[in-house]
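Please keep the sequence and the structure in view while reading.

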Amino acid sequence: MKKQSNKVVIDIKNLKKSFGDLKVLDGITLQLYEKENLVVLGKSGSGKSVLIKCIVGLLKHDKGSITVGKHDLTDIEEEDLIKVRKKTGFLFQGAALYDSMTVRENLTFALSRIKEKFSKEEINDKIVEALENVGLPDAIDKMPSELSGGMKKRIGLARTLVVHPEIILYDEPTTGLDPITSNEISSLINETRSKFNNSSIIITHDINCVKRVADRIVMIKDGKVYKEGSLEEFLNDEDAYIQSFFK
Ligand code: ADP
Ligand code: MG
C-alpha cells in the first residue's frame, strides 16, 4: 500500500441512508487521504453510487456525518455547498454528457456550477486545457453522438477537470468499455493524479482497473464496510465472498 499522506480529505462516520424500508447504507465509516486512490468495491446494488451521491450532496444522508475538507455536509448552508462542489469533481456512471450540447457547452455548463465569474477567454482557456489533459483537444465542437464510448468517458473526465477539483469521484469509469479502452481510462486516472495531485474515490467492479489504480480498497456489503486493505491483502484473503470479486 502506497499511502501518500496522513491528511484526511473526506471523513465519513457511521453513515446511514435508507429509501423507505430499504436500508442501503447502514453505518459506513471510511476516510479518504490526500492524493490517495481509494477503490470502493461492492456488488451491484450495494449502495456505491448512493455513497458518492451523498458525498457530493446530490442525496441527503439520514444519519452519521460526511466531512469534506472542513465542511460537514449535515445541514450545510448553500454557500458552503458551492465551496464543496468546487473541491469535488464527480464522474457519473456512464459519463452522462448532455446530448443536445456540444463538448464545449458541456464543459462551460460544468464551469457555471461553481458560480465564479470568468471572461470568455478564461472559459475557453480552461476548456482547451481540460481537453488537452484527456488527449482530446479536437473534440471541442463535437456533439456527444459523434464520440465513441471511451471518448465520452474522457470528455466526462475533462468536464470534471475543468474546475480543478481537489477530489475526484469516479463512478464505474471503465464499465462497458473494451479492455484496451478500459486500460487507457485507468492510466488516465493515474496521469490525472500525477498532474493535479488530486485524491480519488474510484468505484469499480473491473479488477484490471483495481489493479492499476488502487492504493487501498474498501469493500462494502450489506451497507457496511466488509473489508479494508491493500490490493495484496485482498488478493491473499481466503474469504469466498472477497475472492468472488477477483476471479
Ligand atoms: P450500486 O452499488 O450498484 O451503485 P446504488 O447505490 O445505485 O447501487 O443503489 C443501491 C440501492 O439503492 C439499490 O437497491 C437502488 O435501487 C436503491 N436506490 C438508489 N437510488 C435510489 C433512489 N433515489 N430512490 C430509491 N431507491 C434508490
Ligand atoms: Mg452504481
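Predicted model: local features only at pLDDT ≥ 70, side-chain atom pairs only at ≥ 80, totals over all residues.

Which residue takes a positive phi in the hairpin of S9 and S10? It is Asp-222, with a phi near 50°, in a hairpin that has two residues between its strands.

## The chain as a whole

The chain holds nine helices and 10 strands. Its radius of gyration is 18 Å, close to the 18 Å that the globule rule gives for 247 residues, so the chain is as compact as a globular protein of that length. Taken along the principal axes, the C-alpha atoms fill a box of roughly 55 × 45 × 35 Å.

Of the 247 residues, 38% are buried. Among the contacts in the chain with a separation of 6 or more, 68% are made by residues 24 or more positions apart.

## The open antiparallel sheet

Four strands form an open sheet in the order S2-S1-S4-S5, and the pairing in this sheet is antiparallel. Because S2 and strand S5 (71-72) stand at the edges, each with a single partner strand, one side of each is left without a neighbour in the sheet.

Strand S1 (residues 8-19) is joined to S2 over nine bridges in the antiparallel sense, and within this pair Val-8 stands opposite Tyr-33 of S2. Strand S1 is also where Asn-14 is placed, a residue that has a positive phi of about 45° although it is not a glycine.

Strand S9 (residues 216-221) is largely enclosed by the rest of the structure, because five of its six residues are buried. One of its partners is strand S3 (residues 37-41), which pairs with S9 in the parallel sense over four bridges; here Val-40 stands opposite Val-218 in S9.

Strand S9 also pairs with strand S10 (residues 224-229), this time in the antiparallel sense and over five bridges. In this pairing Met-219 has Lys-227 of S10 as its bridge partner, and the hairpin formed by S9 and S10 is the one in which Asp-222 takes the positive phi.

S6 and S7 run parallel and are joined by four bridges, with Leu-169 in S7 as the bridge partner of Phe-90.

Helix H5 has 13 residues and reaches 18 Å from its first C-alpha to its last, which is close to the 18 Å expected at 1.5 Å a residue. The helix is mostly covered, with 10 of its 13 residues buried, and among these buried residues are Lys-153, Arg-154 and Arg-159 as well as Ile-155, Leu-157 and Leu-161. The elements that cover them include strand S6 (88-91), helix H3 (103-112), helix H4 (120-133), S7 and helix H6 (179-196).

## The shell around ligand 1

Which residues surround ligand 1? They are Phe-19, Leu-22, Val-24, Gly-42, Ser-44, Gly-45, Ser-46, Gly-47, Lys-48, Ser-49 and Val-50. Strand S2 (22-33) and helix H1 (48-55) are the elements that give two or more residues to this shell, and the largest share, three residues, comes from H1.

By residue type, the shell around ligand 1 divides into four nonpolar, six polar and one charged.

Most residues other than glycine have a negative phi. His-164 is found in the loop between helix H5 (149-161) and strand S7 (167-171).

Conventions. Residues numbered from 1 in each chain as written. Chains lettered and ligands numbered in written order. Near = placed C-beta within 6 Å. Nonpolar A, V, L, I, M, F, W, Y, C, P; charged D, E, K, R; others polar. Pairing = 2+ DSSP bridges. Expected span 1.5 Å × (residues − 1). Buried ≥ 20, exposed ≤ 12 C-beta atoms within 10 Å, placed from the backbone. Contact = placed C-beta atoms within 7 Å. Rg over C-alpha atoms; globule rule 2.2 N^0.38 Å.
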